[in-house]
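Colleague: I have a few questions about the labels used for this model. Could you take me through them?

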Amino acid sequence: MKSRRVGITTTVPVEVIYAAGCIPVDLNNVFITDPNPGGLVEEAELAGYPRNVCAWIKGLYSTALRHRDIRTLVAVTQGDCSNTHALMETLELIGVEVIPFAYPFDRDRDLLALQIEKLMDRFGVDWAAVNGARERLDQIRRKVWEIDRLTWQENLVSGWDNHLYQVNCSDFKGDPDAFEREVDEFLARLKGAGPRREKIRLAYIGVPPIMDDLYDYLEERGARVVYNETQRQFTLPFETEDLVERYRLYSYPYGIFYRLEDIVREVERRRVHGVIHYAQSFCFRQIEDLIVRQRLRLPILTLEGDKPNRLDARTRMRLDAFIEMLQ
Amino acid sequence: MYCGVDLGSRNVKVALMDEEGRLEFFKFDTVAFYREHGRLEEGQLAVDLSALLPAGTKPRVVVSTGYGRQTVALKGARVIPEIKAHVLGAVHLTGLSDFTLLDLGGQDSKVALVRGGRLIDFQTNDKCAASTGRYLENMAAVLNISLDELSRHHQNPVDLSSTCAIFGETELIGKVLEGHPIGSLAAGVNYTIFKRIRAMLLRLFSDTLVFTGGVAQNAALREILAKELGVRVVVPDHPQYTGAVGCCVEAKLGSEK
């Protein structure tokens with residue numbers, strides 16, 4: 001029998017879903033790799049989604065609508081975007097079963113443990129199975145951590161590849177074995193490769209970009225992203241076997257001040273020259289830019305992305321000026 | 001002879017600089033420039049500059065910048081980022097090295113912080129052109145006055161929102177209906193520009209504000225900026241050619257290296 005596909009709206013403890021023999025599907029990745037992601041955004045608008053709502057949410061809605069084999073969705077109701085609430089409701093309207101998952105704002109361990117246990121109840125799995133899944137996934141995560149290390153320490157990896165392998169750790173592309181083979185092949189190809197020559201080292205912080213040509217554009221101009229903040233967090237880069245602690249250390253769903261601790265540490269360690277702070281149009285995280293600007297002592301370019309999938313002329317002009325400024 | 005070309009949204013501005021630094025300026029309507037003088041060659045815009053400029057003009061180096069360069073690269077020209085061009089031009093034209101640069105063009109608003117003659121931070125407008133030349137032209141047309149007349153008024157402004165360049169017209173018509181004098185209406189329009197750029201200017205504040213771009217010709221706005229921010233406002237001669245001059249400076253620097 002084919003395994004049940006379970007949609008997710010951002011990184012959740014996928015160990016639980018895998019332990020239940022189900023296949024997690026990160027709807028973000030399905031949306032953005034669609035041949036016409038812009039069309040998906042338009043479909044949601046035709047269905048009644050407002051124009052001034054983040055394109056990611058609209059893309060997720062249409063993606064869920066398209067993939068009717070996904071009848072269950074784990075949605076992050078706290079710690080991600082509050083628009084997810086309405087996304088859940090509109091999907092419930094069309095018969096999708098929604099399982100809410102909330103990251104506690106204050107990173108409270110007991111509350112987080114309770115959320116994970118409730119998720120385990122819904123999927124009918126115990127800790128032994130979940131920890132078994134974690135061990136399997138950690139084997140792959142460690143290899144992706146190595147890709148990240150090779151990015152900033154050995155200068156062997158492009159910003160896009162760094163983004164891609166890390167971002168795919170949210171669901172392991174629904175097939176950990178196949179994804180691991182991809183990772184292995186990529187690592188094998190890096191052996192013997194010469195170091196990259198971009199002089200300017202950049203950090204990319206914020207949610208993953210809705211446009212996919214950002215990294216190439218930067219590299220054509222002699223700058224390379226050596227730190228993708230959120231994407232790296234999706235790999236849960238913390239050496240602990242305690243699953244609850246793992247998702248408590250995971251910075252993305254918690255407040256900006258906790259996220260900044262990771263950002264400050266990494267930009268220092270990776271000898272970054274400038275920071276690109278990406279915020280999606282209409283996202284509450286745009287407000288946090290003022291905190292980022294006060295706390296980081298590095299040149300910052302704030303980028304706003306709206307529709308998929310290419311950089312617009314204004315954004316390119318701003319990137320040009322920023323790179324020029326760092327030279 | 002060095003040639004700087006600023007491919008703007010409304011006009012293409014060309015500056016020529018001779019070895020002694022003497023400047024000459026030329027302006028062309030952007031659409032006419034592309035349609036009549038340009039042709040695409042291998043994805044680049046080929047323009048016969050010698051046909052457009054005075055006879056015998058033979059620039060050693062051509063440097064270009066501007067919004068247009070995102071769609072077309074000028075053939076045979078070295079391209080530099082717009083904000084860099086404006087900073088180079090502003091430093092050259094004013095002789096200043098520490099200031100905040102405000103450039104308001106046809107569609108764009110840019111604010112840059114310059115220290116020691118170098119760009120250290122910048123902001124640009126979001127996806128709205130409600131603080132630019134095109135907006136002022138539209139509002140002057142609604143009031144049926146010239147841009148010159150519009151730029152004379154900054155006293156007793158009517159209160160207008162500053163969120164949309166197009167809905168602003170309807171709002172202005174409402175104020176006309178209320179019977180406000182033309183001076184207050186015009187002052188209200190000029191104030192909307194200030195309101196939209198105030199936050200950017202405060203974030204990148206300096207005691208001296210160098211104001212460039214076509215909108216810098218608006219005397220009322222210069223008054224408003226000086227009064228509201230308590231800064232010295234410096235407008236170079238021919239402020240709309242600042243980007244083109246910056247390109248000449250870059251061309252000269254490049255060939256001296």
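Modeller: Start with Phe284(A), Ile287(A) and Leu290(A), a nonpolar surface patch with about 310 Å² of accessible area together. This is a predicted model: local features need pLDDT of at least 70, side-chain atom pairs count only at pLDDT 80 or more, and totals for chains, interfaces and linings use all residues. Residues are numbered from 1 along each chain as its sequence is written, chains are lettered from A and ligands numbered from 1 in written order, and side-chain values use heavy atoms, without hydrogens and water.

Colleague: Why is Phe284(A) called partly exposed?

Modeller: Buried means under 20% relative accessible area, exposed over 50%, partly exposed in between (1.4 Å probe, protein chains only). Phe284(A) has 37%, so it is partly exposed.

Colleague: Why does Thr132(B) count as buried?

Modeller: Its relative accessibility is 0%, so Thr132(B) is buried.

Colleague: What makes Thr132(B) and Gly106(B) a polar contact?

Modeller: A polar contact is a pair of N or O atoms within 3.5 Å; within protein, one must be able to donate a hydrogen and the other to accept it, and residues adjacent in sequence count only if both atoms are side-chain atoms. Here a polar side-chain atom of Thr132(B) lies 3.0 Å from the backbone oxygen of Gly106(B).

Colleague: How do you know that strand S1 (residues 2-7) of chain B pairs with S6(B)?

Modeller: Strands are DSSP runs of E, at least two residues, numbered from the N terminus. Two strands pair if DSSP finds at least two bridges between them. Five bridges join S1 to S6(B), and they run parallel. Among the partners are Cys3(B) and Val62(B).

Conventions. Helices (H or I, at least four residues) and strands (E, at least two) are DSSP runs, numbered from the N terminus. Patches are made of residues with over 30% relative accessible area and no salt bridge: like charges are joined within 9 Å, nonpolar side chains (Val, Leu, Ile, Met, Phe, Trp, Tyr) within 5 Å. Accessible areas come from the Shrake-Rupley method with a 1.4 Å probe; for residues, only the protein chains shown count as cover. A salt bridge is a side-chain nitrogen of Lys or Arg within 4 Å of a carboxyl oxygen of Asp or Glu.
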